[in-house]
Amino acid sequence: MLTATTYIRPYKVVAGKGAVQTMEERFGYGLNPKKLGALSSYLCDPATAPAEFLLVKSQYQAETGRAVERGALFFQIRQAFPPGEVTAEEANQIGYETAMRWTKGKYQFFVCTHTDKGHLHNHIYFNSTAFDRSRKFHNFIGSSFALRRLSDRVCIEHDLSVIQNPKQHSKGRYLHYGQWIGEKPPSAKQRVRLAIVESLQKQPADFPAFLRLMEESGFLVKHGRGGVISFLAPGQDKPTRLRASTLGDGFDPEDIRAVIAGERPIPELPQEAPAPARRVNLIIDIQERMAQGKGPAYERWAKVYNLKQMAAALQYLRENDLMDYEALAASTEKAVERFHTLSEELRQTEAELEKTSGLMAATVDYAKTRPVFDGYKAARYSKKYLSEHEAELATYRAARATMNELLDGAKLPKMTDMKKSRQELAGKKKALYAEYRKAQADMRQAVAVKANIDHLLGVTDGRENKAQER
């Protein structure tokens with residue numbers, strides 16, 4: 001199934017244009033009445049959003065002294081839904097909720113739901129400057145992944161489908177929302193067609209402007225002999241030539257120029273057959289149980305857990321490709337076992353590091369106080385000498401006792417070897433601790449998810465049943 005896929009993009013001032021003109025052009029595409037099916041906003045009026053966004057920015061500039069043009073002016077989120085699953089109003093509501101949770105209610109935004117394509121989709125525009133002028137939003141590494149997870153969570157809470165295998169991508173790049181058809185990513189040719197149609201819908205002024213829009217969509221434009229033009233998508237090995245014999249009727253360079261000149265309509269996309277729906281047994285079983293809303297297991301779960309927690313559980317199952325209960329149980333057991341294995345390895349490493357550090361310290365103390373002890377011995381253990389060097393002699397005895405205990409009959413290593421060993425152990429501890437923290441988080445999440453599902457499906461042992469009866 002297709003789902004509310006997401007994509008976030010920052011926009012800066014376009015060369016030769018002011019901030020207002022840049023925003024008016026971008027917002028105009030979202031507010032196009034021929035495409036618009038539903039509209040909502042937060043802390044702004046979409047009709048005057050450019051001026052309202054800039055008002056907040058000018059106040060921010062006056063208070064902080066930072067230029068408005070620095071960084072992104074605003075961000076756009078795109079969110080798409082499968083045909084027939086939601087109405088325009090429902091899609092807009094989901095977009096509004098997604099934007100509110102993404103911005104935490106601190107930034108102005110408005111949501112435009114478009115109905116001009118085969119699937120409903122949202123264009124969400126939000127100001128890069130907080131409404132209270134306290135901060136600016138900066139895109140971060142992994143923002144698309146975080147946004148997609150949030151969008152999936154919102155969709156699950158609204159009982160909508162999500163992409164079962166979101167990691168079908170090339171060279172680490174997730175596909176654009178318009179490039180998903182069913183659960184199968186489109187072919188290279190279809191990806192080029194989708195980008196061409198989207199670029200033409202933005203009404204470029206001429207053919208070079210069209211090529212620039214294709215580059216903005218992530219395609220590398222290649223110019224060959226005789227004026228041949230090809231497009232190379234990220235992760236694609238062989239470029240796709242812009243010609244009708246390759247892409248179909250309406251996708252020849254002359255056809256594209258005719259569309260730009262207004263002499264012919266935008267070419268239609270040939271449809272690719274979607275992949276057959278794949279049943280995820282455990283997920284569907286849970287969804288059916290939740291839909292029934294009856295039975296003692298469901299009632300027990302409903303008293304303790306809420307919809308958002310179960311949505312998180314379903315999302316976890318999809319992301320980890322857990323298709324049945326046995327796989328979930330095995331995955332949880334593996335997470336717990338890995339955590340305990342790392343805990344033991346970390347404990348042993350810390351013990352070795354402590355032993356090495358203690359031996360080094362004792363060796364240094366022993367070397368410093370050994371001459372004092374030799375003097376004490378040469379003085380035939382004189383009481384006068386003892387009273388004058390009592391502290392040094394006590395340090396010597398303690399260091400020798402520590403060395404004997406730690407070495408346990410073994411030969412004392414060289415100081416250079418101990419320093420090297422301590423450095424290696426410290427590096428190992430640091431690396432293990434990072435793995436330990438991640439394993440701990442994974443274990444907690446896995447155990448929590450399994451506990452939620454056990455409550456919902458009634459998979460409990462005798463002790464839990466007695467506790468529930470009490």
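1. Start with the largest nonpolar core, which has 39 residues; Ile8, Trp102, Phe126 and Leu328 touch the most other members. A nonpolar core here is a set of buried Ala, Val, Leu, Ile, Met, Phe, Trp, Tyr and Cys residues joined through side-chain atoms within 4.5 Å. Buried means under 20% relative accessible area, with exposed over 50% and partly exposed in between (1.4 Å probe, protein chains only). Keep in mind that this is a predicted model, where local features need pLDDT of at least 70, side-chain atom pairs count only at pLDDT 80 or more, and totals for chains, interfaces and linings use all residues. Residues are numbered from 1 along each chain as its sequence is written, and side-chain values use heavy atoms, leaving out hydrogens and water.

2. Which elements give two or more residues to this core? Helix α11 gives the largest share, six residues. Helices (H or I, at least four residues) and strands (E, at least two) are DSSP runs, numbered from the N terminus.

3. Now look at Ile8. Setting aside neighbours within four places in sequence, Ile8 has contacts that include Phe75, Ile77, Trp102, Phe126, Phe137 and Leu147. Contact means heavy atoms within 4.5 Å.

4. There's a second, separate core of 19 residues, with Ile196, Phe207, Ile229 and Ile256 among them.

5. Ile196 also turns up where α5 meets α6. Helix α5 (residues 188-201) and helix α6 (residues 207-216) pack at about 125°, their axes 9 Å apart. Axes are lines fitted to C-alpha atoms, for helices over the stretch in contact, and angles run from 0 to 180 degrees between N-to-C directions. That makes α5 oblique to α6 (angles under 35 degrees count as roughly parallel, over 145 as roughly antiparallel, 65 to 115 as roughly perpendicular and the rest as oblique). The contact comes from Val192, Ala195, Ile196, Ser199 and Leu200 of α5 with Phe210, Leu213 and Met214 of α6.

6. What does helix α8 (residues 253-260) pack against? Its buried residues, Pro253, Asp255, Ile256, Ala258 and Val259, pack against α5 and α6. After α8 comes Gly262, whose phi is positive, near 80°.

7. One more helix pair: the axes of α1 (residues 19-30) and α2 (residues 49-64) come within 9 Å and cross at roughly 135°. So α1 is oblique to α2. Here Ala19, Val20, Met23, Glu24 and Phe27 in α1 meet Ala49, Pro50, Phe53 and Leu54 in α2.
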